[in-house]
Amino acid sequence: MACVCHWYSCKDWVCGGQWREFMDLLKSWVEAFTSAGIRLVFFFDGVVEEQKRKEWVKRRRRVNGEISKVFRYLKSHGEQPGREMFCLPSGLASFTRFALRSLGQEVFCSKQEADYEIARYARHHNCLGILGQDSDFIIYDSAPYLSVAKLQIDRLTTVLYDRQRLCQIAGLAVHQLPLLACLLGNDVVSSEKTMNIRNNAMATYRQNNPSSHSGAPQGQMVLAVSHLVSSLWGKEEEEAELFSLNLSAPLRELLQRGISSYVLPGQEASQQSDSSTASSVSAFEKHVSAEVLKACREKHVAAEGFMVYNVVCEGVIECSNTLEDEEDTELLPQAHVFKPCRQRIYGLVLLHGHDGSDLPAIKEWFIYPGNPLQEPDIVHPVPVSLPGEKLTLDFLWFSTGPEVSALRLLTFFTIFDCQDLSDLHGTIEDSLLAALCLITYIVLQVNTLSQEDVDAYLSQAVCLRLKSTQELQHIKLPVLCSRAVQLGALYVRGLGNLLGANCASGCALPSAALMPWQSFDGRLFHSKYLLAHGGAESSVLLESNSSCLKLFLCLREKVTEICRKRGRVLLSRPRPVEQSPKTTPGSRYRERHSGGASGSDGSWRERGENPRGLHHGGGWREREETRGGRSHHGSRDRAWQRGGHRGGHRGGMRGGQHFHPHQFYPNFQDGGPHDTNHHPKQSRGWSYGSRGRYQLAPRWPQPPGPGT
């Protein structure tokens, strides 16, 4: 993870990630080592060991506090905060492993503590060094520890932390370093539990070394504890006499476990280390065949799979912090948005057609506003049902033939309640199809999403295909909106759920199609969000590219069609962008790009609208969400019949015309024709509908087709 922080040096991080630029940086970084004849091997954390759960939770809470500061800054300044508030874009660690694999690198995902596996691998293969930023690597008796923070990539120079030199200065032997680390505090033994030991050691050290008081306090503490550690060993003893410290039995046992966690195979007490880190057989493993279990482990270790191993072999799923504003009660946290699809993934992996009454629930450690992280959420699998099919992983993973491929695809879309998208496979790019599936699912789950939000999502996915990394870097954003930041993070987290569903269904789509650099760029999305909510026409959103415009309208029609079938009506709800103190009031960005002001003045709150039929001040925490994003309000259905649907707002065709997918999709794979002579005209005009809602007054001679 220290390397990931070092790699992501892109200017933008708050908008959701500049993924194309990040890929270029990774490629350059790898090439620098390769050209010097150095082969790189990458390890990623694959599990969170239960003995380290408290430390994991502690760090997640700390990051939550940092994220809150980011959003407060965003809302008060309208711009990205400085690097001192830097937070990794959501999903960066998960997708970096796939990025490195795509660059031909050797990548491993750990089955236990990643630091331990790294040290073990480096010792066994006599590696040149371990490049990272974790003091544990100076404690392991393994390869030399090199600092990634001090790395000068152009010269390939860095700082070496010398284990032997440290021992010489501290008066210790190498095999005494693990106890030093435990007493100072690490992931196994928290610093709070050994505070009294350190304080006593410091008092003794200062009494015996009065001239050393001028040294740095942290350095003094290391030397003080080192003197204590050395005093616990006799000349002939192989292990420390911890009994002389008068410790409680639980603390003594904890220290022994901490010491063992640093002992590598081939070193003393390695059997104890192996037994302490070996995971017990999961209660879920009996629900899959031996072949599936073997494939799960192989995919996990090779960093090819996602989510499935943790379900089958651990029964526990984690998700780290996401850029979400805990003060925003309108947008659901990503943990809630994607819970239904996760439940179906669990059901596909474990249930195989039965009701799962004898199946233990999955434990989820997800960070979201209001979750104290004192215990995991207990989530029950939900079966994935297809007419006439009894799905099993063995069939989906190991069978071959066209009918199997079609079933995998249908299974994948069923997980997201988007079965209607199966007929588009092969007519548009896989990455665009995946984006369409994700956007549709989000719309179905999040009632507060408006047509403007959908237009922003779709237009950026369509336009990204034609953008170079340099063009993306030079996008200018006059102001940043905290809501757009959340929507960007929500999309990227959704791609992770697509990966999990794809793995469970037997790789219905190529994994490469689900990567964020194929369908998302934070700055591009943010720019489209500002335009969409500023009232820009569809032609402006699609940058006057007729081929992109046609594709955009077809995709929007498909989203609208699926939503209509599920009872979800998309409404136009333009939101005023948070203004930066550095900018003058008014939507200069909109005027610059669309040539005029929006037909709407003020936000939906200012107009007295009550979206979703909520009580005033209500948010997702204050009500029971309707699952699946379905609307139960007759007024919305009437709005649809009146022609008030946002689909007629941008780029609609006259006379009730609308686009049919198969009429245009075949040309979109290769960019399609560029016709600049027939831009669909925008229909403006407002009428005041019932219940205080503004509705778009259609100017068609007959009701428009859905989504036009």
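What is the mean pLDDT of the chain?

**Exercise 1: confidence**

Start with the kind of model: it is predicted, local features need pLDDT of at least 70, side-chain atom pairs count only at pLDDT 80 or more, and totals for chains, interfaces and linings use all residues. Residues are numbered from 1 along each chain as its sequence is written, and side-chain values use heavy atoms, leaving out hydrogens and water.

Next, pLDDT is the predictor's confidence in each residue, from 0 to 100. The chain has a mean of 82, with 77% of its residues at 70 or more. Now look at residues 583–619: their pLDDT is below 50, and the stretch has 66 contacts (heavy atoms within 4.5 Å) beyond near neighbours in sequence. Where pLDDT is low, the predicted coordinates should not be read in detail.

**Exercise 2: a helix pair**

Find the angle at which the axes of helix 3 and helix 22 cross.

Step 1: locate helix 3 at residues 53–77 and helix 22 at residues 482–504.
Step 2: their axes come within 9 Å and cross at roughly 140°.
Step 3: that angle makes helix 3 oblique to helix 22, since angles under 35 degrees count as roughly parallel, over 145 as roughly antiparallel, 65 to 115 as roughly perpendicular and the rest as oblique.
Step 4: Phe71, Leu74 and Lys75 in helix 3 meet Ser482, Val485 and Gln486 in helix 22.

**Exercise 3: a cavity**

Describe the second largest cavity.

Step 1: its volume is about 90 Å³.
Step 2: it is lined by 14 residues, and those closest to its centre are Lys52, Glu113, Tyr140, Val188 and Ser261. A cavity is a set of points on a 1 Å grid where a 1.4 Å probe fits but cannot get out, and lining residues have an atom within 4 Å of a point.

Notes. Axes are lines fitted to C-alpha atoms, for helices over the stretch in contact, and angles run from 0 to 180 degrees between N-to-C directions. Helices (H or I, at least four residues) and strands (E, at least two) are DSSP runs, numbered from the N terminus. On a 1 Å grid over the protein atoms alone, a cavity is a set of points where a 1.4 Å probe fits but cannot get out, and a pocket is an open set with protein on both sides within 12 Å along at least five of seven lines; lining residues have an atom within 4 Å of a point. Grid points are joined across faces, edges and corners, and a volume is the space filled by probe spheres set on the points.
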